[in-house]
Each structure stands twice: as C-alpha cells, then as structure tokens.
Amino acid sequence: MTNSGDPSAHLVDVDLDGFQHEVLDASEARPVLVDFWADWCAPCHALAPHLGRVVADLDGRVRLAKIEVDEGENMKLAGQYKLRGFPTVILFHRREELARFSGARSRHEILDWLRIHLPDDLAGLAVS
C-alpha cells in the first residue's frame, strides 16, 4: 500500500450545508470518517494527527471529513447525531453510520477499529 504522505489530499472541512454532499453522498463511493471536533478541546487536537496519518496510510480508500462543531450551525449536526462529547468520530459507508468512537485514540487503535467496522469487502484495507 502506498502512502501519499499528504492527508490533506483525502481530507475535507465540512459544515452543516455541505454535510449531505461531502459526507453522505461521498460515502456511496468510499467510507467517510467524520471527525466532530472543537478548537477548545485538547483531546480533539491530540486525535487529529492520528486520523490524518491513518487516512494518508490508506491512500484515499477512506475519506476524512472534519466538522468544527462551534462554527456556524454545525452544532445542529452534533445534536442530530446525539453526540455526547468531543472528539467523536463516526464512520459512514453507503449513507449509513457503521460505528463511532469518542475520545483520543492512537493510529493503531484507529486502524484496529476500522478493521472491525468496515464491511468485509473493505476490511482488508487497513495497514499495520
């Protein structure tokens, strides 16, 4: 598996208005990890580089969408998905929520989590 080294190539900042297109519609083609985060949240900042590394490792097979919950009307999405704290990461595929976790995790923990929750046809994509 190649590593593009540039997580931003597979990362998009999303807001309430773009959520349908950038997350739900996009999840038809490939899984989308959605990182609900806040600037004041230390665990959010700790998690961000690990998510970026995982997405770069997977070289575009999973997309990362970041939603800053305190910007604009983004908190409505947090309410819609009944988030209890930040960071919360939700995995979407084919418009469905497959799984979620809250709090900071290491790169290896995120990869293990993806192996468990991705559909069988995609479960082999995670690197070790």
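**Sheet and helix**

Guide: Let's start with β2 (residues 32-37) and β3 (residues 63-68), which run parallel and share six bridges. It's a predicted model: local features need pLDDT of at least 70 and side-chain atom pairs 80 or more, while totals for chains, interfaces and linings use all residues. Numbering starts from 1 along each chain as its sequence is written, and side-chain values use heavy atoms, without hydrogens or water.

Visitor: What makes β2 and β3 a pair?
Guide: Strands pair if DSSP finds at least two bridges between them. These two have six, so they qualify. Leu33 sits opposite Leu64 of β3.

Visitor: Why is the sheet called open?
Guide: Its order is β1-β3-β2-β4-β5, with mixed pairing. β1 (11-13) and β5 (96-102) are at the edges with a single partner strand each, so one side of each has no neighbour in the sheet.

Visitor: What makes Ala48 the site of a bend in α2?
Guide: A bend is the angle between axes fitted to the seven residues ending at a residue and the seven starting there. At Ala48 that angle is about 25°, with Pro49 following within four residues.

Visitor: Which residues of α2 are called buried?
Guide: Buried means under 20% relative accessible area (1.4 Å probe, protein chains only). Among those in α2 are Cys44, Leu47 and Leu51.

Conventions
Buried < 20%, exposed > 50% of the residue type's maximum accessible area, 1.4 Å probe, protein only.
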